[in-house]
Amino acid sequence: NLCYNIKLKIPKTKKQENKTMKSSSLFSRGIKQRLWTAVCLMSVIPILICLNFIFPSLFVSFTAKTNLFIILAVMSFLALLGFILARQIVLPVVALSRDAQKISEGDIELRVEVAGNDEIGRLGMALNQLSSKIRDTMSELEDYGTKTAQINLEIQKRIVVMSNLLQITTLISQNELLDNIMQVCAEKLKGLADSALSFVFFLEDGRFSLKAQCGLAADIDNQVYFSQGYPALSDVFKSGDASILRIDKGDPRHQKFVSLLGAKSLLCLPIFLENRPKAVIGIGSAIEGYEYNRDHRELLDIFGKQASVAIENDYLLEKVRNLEIRDELTGLYNERFIRGYLDDEIKRSIIYQRPCSFILLRIMEPDLYRKTQGEPALAGSLKKIAGALSSAFTGIERLSRFGECGFAVVIPEKNKRQAQRIGDELRKKAEDLFKDLPSENRLRAAVSVAENPIDGVTSQELIGYAQSCFKVSD
């Protein structure tokens, strides 16, 4: 068996040859190789000088045979070549150090020039990659900072909204007047979505009335009314949810309503009471084409729930007030009760053909007394009078506070003459409470009497007659 070792020589391309030549050249070697080469080249001259001292005869003969200028030229070339190699090592290091210093000082946009593939070149590439990562990190940090600022702003807005809602809740818990609560609600609503205006419409007696507003046009006041079938507001109730009304598109009837309020777009929310339409709250923007987002709808819905609670609370309080029969200040029956009781007694007296009288006692000049003595003094005097009058009755009579500074008595089985005598006694009993006081601290009273059926056959007629007697005496 014959074995042949055949070497195939594949021709290299021109690019591969250039790469080979470049990789094999002296200047493409690493720093370590170039440094050793430069040291060797620059060590030739000292070595030759040392050899001249050791073997002077050798160099004398050599200089005798060879041109001295050629020797100097060769030595100069070798020294220059060593210097160039050393310079190629030192200058990139200096430049790289300078660029690194600038990067460390904050110039992250600087890009290091990479001239070779040696250790310095790779270090420059590493610095470029490092600065690129720093730039990317800084950019991400800026994005995170912007997003964080936006999140903080949204959190602050939510905190303000929650604070506003807490204020409204406090007013509700304190049984504040509904009109005052709605006005506060309108003022807080204006802060949503950078709105230019806010409003609260109530549906009462078949028409929408402006209950509260903030930022509406100058020609809109609390006396503006819309019919129950007004398209814009009735359509809001039909939707059952937050609705957007725009001036630039949509139903022309909606556009008229938006224009009337002086806005470019509205975000409206219906409020129901016992599944019946009750109110519409909303906000408006003066910016053309403004878009309300999901957050705006959610926040308006929260305010709508608070407004709904306030409306329902007022409704329940009104029902409770209608069920109450006692006056808070005096402890007597209230006016609503005495009117109903008088109606019942008139009906009974008609059936049994018996008399029924009504006595009305009024405190004279209460405003003057309030001005000179103060509101607490007037309230205390009314309580004192109520105690004295109530001690005079133990039977079927009913004594009540009537109006702000009056008292009423329903006396069954008594005619007008008998009731007049009782009324005079009540007046004297009330005035005697203050007879020992200075004249400016005294209260005077007046009495009028009405009898069924002489002066009227209903409670309204009897009360009206008794009140008219005071006008005649005045």
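Me: Before anything else, what counts as a helix or a strand here?
Reply: Helices (H or I, at least four residues) and strands (E, at least two) are runs from DSSP, numbered from the N terminus.

Me: And what kind of model is it?
Reply: This is a predicted model, where local features need pLDDT of at least 70, side-chain atom pairs count only at pLDDT 80 or more, and totals for chains, interfaces and linings use all residues. Residues are numbered from 1 along each chain as its sequence is written, and side-chain values use heavy atoms, with hydrogens and water left out.

Me: How many salt bridges does the structure hold?
Reply: The structure holds 21, a salt bridge being a side-chain nitrogen of Lys or Arg within 4 Å of a carboxyl oxygen of Asp or Glu.

Me: How far apart in the chain are R294 and E298?
Reply: They are 4 residues apart in helix α10, so about one helical turn separates them.

Me: Is R294 buried or exposed?
Reply: R294 is exposed, with a relative accessible area of 64%, while E298 is partly exposed at 35%. Buried means under 20% relative accessible area, exposed over 50%, and partly exposed in between (1.4 Å probe, protein chains only).

Me: Which residue does D179 pair with?
Reply: D179 forms a salt bridge with K211 (3.0 Å, N to O). D179 is in helix α7 and K211 in strand β2 (residues 207-214), 32 residues apart.

Me: Which residues are networked with R348?
Reply: E345, R354 and E413 are linked with R348 in a network of salt bridges. The R348 to E413 distance is 3.4 Å, N to O.
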